[in-house]
Amino acid sequence: MNNAAEVYIFLSFTVVGIIIACVYDFFRAFRRVKVRSNASVVVQDVVFCIAAGCILTFSIVYFLKEQLRIYIFIGLILGASIYLSTLSGICLKIYIKMLKLYSKITEYIFAPIIFYVEILKIMSAKVKKRAMLSCNMAKNMIAYLYKDKYKFKKKDCLDARERKRKTKVREKKNKEQV
């Protein structure tokens, strides 16, 4: 390789270092916008390492035809340090504004869906409660009809509302006695 080609490759890997630092800033902005748990930070770090590795591998294959040179790593470090010392603050603010705008847009888009899901949760809870009451009443009727075969207790015949009412009355009497 001649010197001009090596200078071109060095400058190319300086640009690759800037690109990797931009990706790093994007993940920094994402962490500032949304507070995450330690596990999600680990996942984000792994995704960043995979992305940086893919960018680096593609660049090595594209520019060097799979030959490693020490000056490409110097170019990477130089590019990342130039970006982080000059453009990082500006790009970080832009990324944060973009991510906040994106989260607001998705919030407005998904708000009706979330609203309907919450309504379905409430309705399913009521249906579940009524289904449990119906099952208890059916069980109590079967137990009453076949009390010879099953050991039947009077408290089994009472439905849930009646049991609840009786326990409240008992608790009230206990409080009055004390």
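I114 counts as exposed because its relative accessibility is 51%, where exposed means over 50%, buried under 20% and partly exposed in between (1.4 Å probe, protein chains only). The model is predicted, so local features need pLDDT of at least 70 and side-chain atom pairs count only at pLDDT 80 or more, while totals for chains, interfaces and linings use all residues. Residues are numbered from 1 along each chain as its sequence is written, and side-chain values use heavy atoms, with hydrogens and water left out.

**Helices**
- I114 lies in helix α4 (residues 88–145), helices being DSSP runs of H or I with at least four residues, numbered from the N terminus.
- Helix α2 (residues 38–64) has 27 residues and should span 39 Å at 1.5 Å a residue, which agrees with the 38 Å between its end C-alpha atoms; the expected span is 1.5 Å times one less than the number of residues.
- After α2 comes K65, whose phi is positive, near 55°.

**Packing and cores**
- The buried residues of α2 are Q44, F48, A52, S59, I60 and L64, and they pack against α1 (3–33) and α3 (70–86), contact meaning heavy atoms within 4.5 Å.
- The largest nonpolar core has 12 residues, among them F13, F48 and L76; such a core is a set of buried Ala, Val, Leu, Ile, Met, Phe, Trp, Tyr and Cys residues joined through side-chain atoms within 4.5 Å.
- To this core α1 gives the most, with 5 residues.

Terms used: Helix = DSSP H or I, 4+ residues; strand = E, 2+ residues; numbered from the N terminus.
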